[in-house]
Amino acid sequence: QVQLVESGGGLVQPGGSLRLSCTASTSIFSINFMGWYRQAPGKERELVASITSNRVTNYRASVKGRFTISRDNAKNTVYLQMNSLKPEDTAVYYCNAEKGFVPYWGKGTLVTVSS
């Protein structure tokens, strides 16, 4: 079992920044895939960014150059630095980890981009 707790969401103006954190209840050293997903009202959940155990990253096109995913194995934490935020980034952001081909999810943190 892996419990994931997200934090760092909130209300931010367009063009602003936020850093999301996802802390796991166990060591993430051996967890190959960790990712951030988001779900906006009325839309399907979508993958925003992912990072592997050897720190290979992947981003959806709409966030490339604005978002950065990173992991700190010593702190069992994955981060999502979000810059130049846009209203269309508004969503609940979920942390995901896959261990032993089993997916684990956090409860999500709300990000609202609005003036």
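# A tour of the predicted model, stop by stop

**Stop 1: Lys43.** Select Lys43, which sits in the loop between E4 and strand E5 (46–51). The model on the screen is a predicted one. With a relative accessibility of 58%, Lys43 counts as exposed. Lys43 and Val2 are 41 residues apart in sequence, and their C-alpha atoms are 27 Å apart in space.

**Stop 2: Ser50.** Is Ser50 buried or exposed? Its relative accessibility is 6%, so Ser50 counts as buried. Show what surrounds this residue. Apart from neighbours within four places in sequence, Ser50 is in contact with Phe33, Met34, Gly35, Val56, Thr57, Asn58 and Ile69. Then draw a distance from Ser50 to Arg60: these two are 10 residues apart along the chain, and their C-alpha atoms are separated by 9.3 Å.

**Stop 3: the open sheet.** Select strands E1, E3, E8 and E7. These four strands form an open sheet in the order E1-E3-E8-E7, with antiparallel pairing. Strand E1 (4–7) and E7 are the edge strands, and each of them pairs on one side only. On average, neighbouring strands of this sheet are turned by 15 degrees against each other, if direction is ignored. As background, strands of a sheet pair through backbone hydrogen bonds, and the pairing can be parallel or antiparallel.

Keep strand E3 (residues 18–24) on the screen and look at its two partners in turn:

- With E8, strand E3 pairs in the antiparallel sense over six bridges. Ser21 has Tyr79 of E8 as its bridge partner, and Arg19 stands opposite Gln81 in E8.
- With E1, strand E3 pairs in the antiparallel sense over four bridges. Here the bridge partner of Leu4 is Ala24 in E3.

How many of the seven residues of E3 are buried? Five of them are, so E3 is largely enclosed by the rest of the structure.

**Stop 4: Leu4 and the core.** Stay with Leu4 and show its contacts. Leaving aside neighbours within four places in sequence, they include Cys22, Thr23 and Ala24, as well as Met34. Further along the chain, Leu4 also contacts Cys95, Asn96, Ala97, Tyr104, Trp105, Gly106 and Lys107.

Leu4 belongs to the largest nonpolar core, which has 30 residues. Which residues touch the most other members of this core? They are Leu4, Met34, Trp36, Leu80, Met82 and Tyr93. In soluble globular proteins, nonpolar side chains tend to be buried together.

**Stop 5: the aromatic pair.** Next, show the rings of Tyr37 and Trp105. A search of the whole structure finds one aromatic pair. Tyr37 and Trp105 form this pair in an edge-to-face arrangement, with 4.8 Å from centre to centre and 65 degrees between the planes. Why does the pair tie together parts that are 68 residues apart in sequence? Tyr37 lies in strand E4 (residues 33–39) and Trp105 lies in strand E10 (residues 102–105), so the pair links those two places in the chain. Tyr37 is buried, with a relative accessible area of 17%. Trp105 counts as partly exposed, at 37% relative accessibility.

**Stop 6: Arg45.** Over the faces of which rings does Arg45 lie? One is Tyr94, where Arg45 is 3.8 Å from the ring centre. Another is Trp105, where Arg45 is 4.7 Å from the ring centre.

**Stop 7: two loop residues with positive phi.** Finish in the loops. Select Asn76, in the loop between strand E7 (67–72) and strand E8 (77–82). Asn76 is not a glycine, yet its phi is positive, at about 55 degrees. Then select Ser84, in the loop between E8 and strand E9 (91–99). The phi of Ser84 is near 50 degrees, again a positive value in a residue other than glycine. Ser84 counts as partly exposed, at 40% relative accessibility.

Note on methods
Residues are numbered from 1 along each chain as its sequence is written. This is a predicted model: local features need pLDDT of at least 70, side-chain atom pairs count only at pLDDT 80 or more; totals for chains, interfaces and linings use all residues. Side-chain values use heavy atoms; hydrogens and water are left out. Rings of Phe, Tyr and Trp (its six-membered ring) pair if their centres lie within 6.5 Å; planes under 30 degrees apart count as stacked, over 60 as edge-to-face and the rest as tilted. Buried means under 20% relative accessible area, exposed over 50%, partly exposed in between (1.4 Å probe, protein chains only). A charge sits over a ring if NZ of Lys or CZ of Arg is within 6 Å of the ring centre and within 35 degrees of the ring normal. Two strands pair if DSSP finds at least two bridges between them. Axes are lines fitted to C-alpha atoms, for helices over the stretch in contact, and angles run from 0 to 180 degrees between N-to-C directions. A nonpolar core is a set of buried Ala, Val, Leu, Ile, Met, Phe, Trp, Tyr and Cys residues joined through side-chain atoms within 4.5 Å. Contact means heavy atoms within 4.5 Å.
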